[in-house]
Amino acid sequence: MLNNIGLPGLLLIAVVVLVLFGRGKISSLMGEVGKGITAFKRGVDDGKREIDDQSNTVNEAGTVHEPGTLHDAGTVKDKDRV
C-alpha cells in the first residue's frame, strides 16, 4: 500500500502537515528530534566506554582482566571450553 505513494503523494503529505502545524512548530519539533538523536548517540558512546572500562579493570595483583581470560585459579577460560 505504501509502495505506491510516489513523489507527488509525499509532497501532498508535506504540504498538509505544514498547513496543519505551521512552520515554527515543525522547526521546533525537528530541533527536538535532533537533540534526542544527539543524546542517544552520547548514551551509546558512554555505554561502550563503561563496558570497555569494566572489561579492562585491574585487580589487586595488578593484572588486567580481559574478557574470556582466566580470572580465578581453577576456573576454565572461555577459549578452552568445548
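Buried means under 20% relative accessible area, exposed means over 50%, and partly exposed lies in between (1.4 Å probe, protein chains only). The model is predicted: local features need pLDDT of at least 70, side-chain atom pairs count only at pLDDT 80 or more, and totals for chains, interfaces and linings use all residues. Residues are numbered from 1 along each chain as its sequence is written, and side-chain values use heavy atoms, without hydrogens and water.

**Exercise 1. Count the helices and strands, then examine residues 6-22.**

Solution. 
- Step 1: an unreviewed UniProt entry annotates residues 6-22 as "transmembrane region". Such annotations may be inferred rather than shown by experiment.
- Step 2: in the model, this span is 94% helix and 0% strand. Its end C-alpha atoms are 24 Å apart.

**Exercise 2. Work out how H1 and H2 are arranged, and which residues meet.**

Solution. 
- Step 1: two packed helices are described by the angle between their axes and the distance between the axes.
- Step 2: H1 covers residues 6-21 and packs against H2 at about 105 degrees, with the axes 6 Å apart. Axes are lines fitted to C-alpha atoms over the stretch in contact, and angles run from 0 to 180 degrees between N-to-C directions.
- Step 3: H1 and H2 are therefore roughly perpendicular (65 to 115 degrees).
- Step 4: Val17, Leu18 and Phe21 of H1 meet Arg23, Lys25 and Ile26 of H2 (contact: heavy atoms within 4.5 Å).

**Exercise 3. Find the salt bridges and place their residues.**

Solution. 
- Step 1: apply the rule, a side-chain nitrogen of Lys or Arg within 4 Å of a carboxyl oxygen of Asp or Glu. The count is two.
- Step 2: Glu32 pairs with Lys35, with closest N and O atoms 3.8 Å apart. Both sit in helix H2 (residues 23-55), three residues apart, about one turn of the helix.
- Step 3: Lys35 counts as exposed because its relative accessibility is 57%.
- Step 4: Arg49 pairs with Asp46, with closest N and O atoms 2.8 Å apart. Both lie in H2, three residues apart, about one turn of the helix.
- Step 5: Arg49, at 48% relative accessibility, counts as partly exposed. Asp46 is partly exposed at 38%.

Note on methods. Helix = DSSP H or I, 4+ residues; strand = E, 2+ residues; numbered from the N terminus. Parallel < 35°, antiparallel > 145°, perpendicular 65-115°, else oblique.
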